[in-house]
Amino acid sequence: MKVSEALATRMSCRAFLPTPVPESTVREILDAARQTPSGGNLQPWQVCALTGHPLRDLLARVKSKVPLHPRGEPPEYDIYPPALWEPYRSRRFKCGEDLYATIGVKREDKLGRLLQFARNYEFFGAPVGLLFFLDRRLGPPQWSDIGMYMQSVMLLAREHGLDTCAQEAWSVWHRTVGEFLRLPPELLLFAGMALGYRDESAPVNRLRTDRAPLDEFAELRGF
Ligand SMILES: Cc1cc2nc3c(=O)[nH]c(=O)nc-3n(C[C@H](O)[C@H](O)[C@H](O)COP(=O)(O)O)c2cc1C
């Protein structure tokens, strides 16, 4: 598979088949992604892959906490700035509207939206859940490095016929995840990622997001 093909066919997959992913495949993907560059070659990423019992136990633990903390635990970082401005506000809004439209959930249907959002905390039914961490003392450049590592994982997954969904939503369960995995206190949970085989028949997977044209954000000079 060409890189361009992996890029073009990657999409956020939000419904998976129960087909297990072999440990060797997960290992191969995480291992190949080590080639990701990072400033100063710090390689600040830390990742934990869960499947089977450990995955089910974590999901059950999170589920048991929802009645007490419906919005999760006090966040460690803001996923978005408090009041988004244009063009980001409209892009975020459209992304949400288009997602809920695929499953016929209307704007007023708060419960329907909540139920779909809650699927984040089941890794959308994926057989593998990945959790990405970095040392909380690191700064924005290292956050960007971990994002690049995640992109490598997402593209390599395509090469194996697998799909993914990056999930910042997991960051609101940082305490529960930390306790469950017995993480050292310096590790911060940046995001989760669902990994598995795409359920082609699921309406939610029909969503194809658009992108602003090149000329809106790029300038080429001196060519
Ligand atoms: C770092 C990161 C975190 C994300 N977090 C979530 C999430 O918590 N839940 C979700 O459903 N999608 C999440 N997404 C998916 C984005 O909404 C998606 O990438 C974007 O709308 C573009 O669509 P595409 O991935 O299908 O091309 C995340 C994506 C990234 C890169």
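## Close-up views of a predicted model

View A. At 12% relative accessibility, His-174 counts as buried (that is, under 20% relative accessible area; exposed is over 50%, and partly exposed is in between, with a 1.4 Å probe and protein chains only). This is a predicted model, where local features need pLDDT of at least 70 and side-chain atom pairs count only at pLDDT 80 or more, while totals for chains, interfaces and linings use all residues. Residues are numbered from 1 along each chain as its sequence is written, and side-chain values use heavy atoms, with hydrogens and water left out. His-174 sits in helix α7; helices (H or I, at least four residues) and strands (E, at least two) are DSSP runs numbered from the N terminus. Setting aside neighbours within four places in sequence, His-174 is in contact with Glu-73, Pro-74, Pro-75, Glu-76 and Leu-189, contact being heavy atoms within 4.5 Å. Arg-71 is 103 residues from His-174 in sequence, yet their C-alpha atoms are 12 Å apart.

**View C. Polar side chains at the ligand.** Look for Arg-14, with a polar side-chain atom 2.7 Å from a ligand oxygen. Thr-209 has a side-chain N or O atom 2.9 Å from an oxygen atom of the ligand. Asn-120 puts a polar side-chain atom 2.9 Å from a ligand nitrogen. A polar contact here is a pair of N or O atoms within 3.5 Å; within protein, one must be able to donate a hydrogen and the other to accept it, and residues adjacent in sequence count only if both atoms are side-chain atoms. On its own the ligand exposes 620 Å², and the protein buries 74% of that (Shrake-Rupley areas with a 1.4 Å probe; for residues, only the protein chains shown count as cover).

**View D. Gln-167, tucked away in strand β3.** Gln-167 belongs to strand β3 and is buried, at 1% relative accessible area. Its side chain reaches the backbone nitrogen of Ala-194 at 3.3 Å. Beyond four places in sequence, the contacts of Gln-167 are Asn-120, Phe-123, Phe-124, Ala-191, Gly-192, Met-193 and Ala-194. Asn-120 turns up in the ligand view too, with its polar atom 2.9 Å from a ligand nitrogen.

**View E. The largest nonpolar core.** This core has 25 residues, and Leu-58, Phe-123, Leu-131, Trp-170 and Val-177 touch the most other members. A nonpolar core is a set of buried Ala, Val, Leu, Ile, Met, Phe, Trp, Tyr and Cys residues joined through side-chain atoms within 4.5 Å. Two or more residues come from each of β1 (46-50), α3 (52-65), β2 (128-135), α7 (174-181) and β4 (187-196), with α3 giving the most, four residues. A second, separate core of 24 residues includes Phe-132, Met-150, Val-153 and Leu-156. In soluble globular proteins, nonpolar side chains tend to be buried together.

**View F. Ser-64 on helix α3.** Ser-64 is found in helix α3 and, at 52% relative accessibility, counts as exposed. A polar atom of the Ser-64 side chain lies 2.7 Å from the backbone oxygen of Arg-61. Ser-64 and Trp-170 are 106 residues apart along the chain, with 15 Å between their C-alpha atoms.

View G. Glu-86 and Pro-87 are joined by a cis peptide bond, with omega about 5°. Pro-87 lies in the loop between α3 and α4 (88-102). Turn to the loop between α2 and β1 for Asn-41, a non-glycine with a positive phi of about 55°. Gln-43 is found in the loop between α2 and β1; its phi is positive as well, about 50°, although it is not a glycine. Gln-43 is partly exposed, at 39% relative accessible area.
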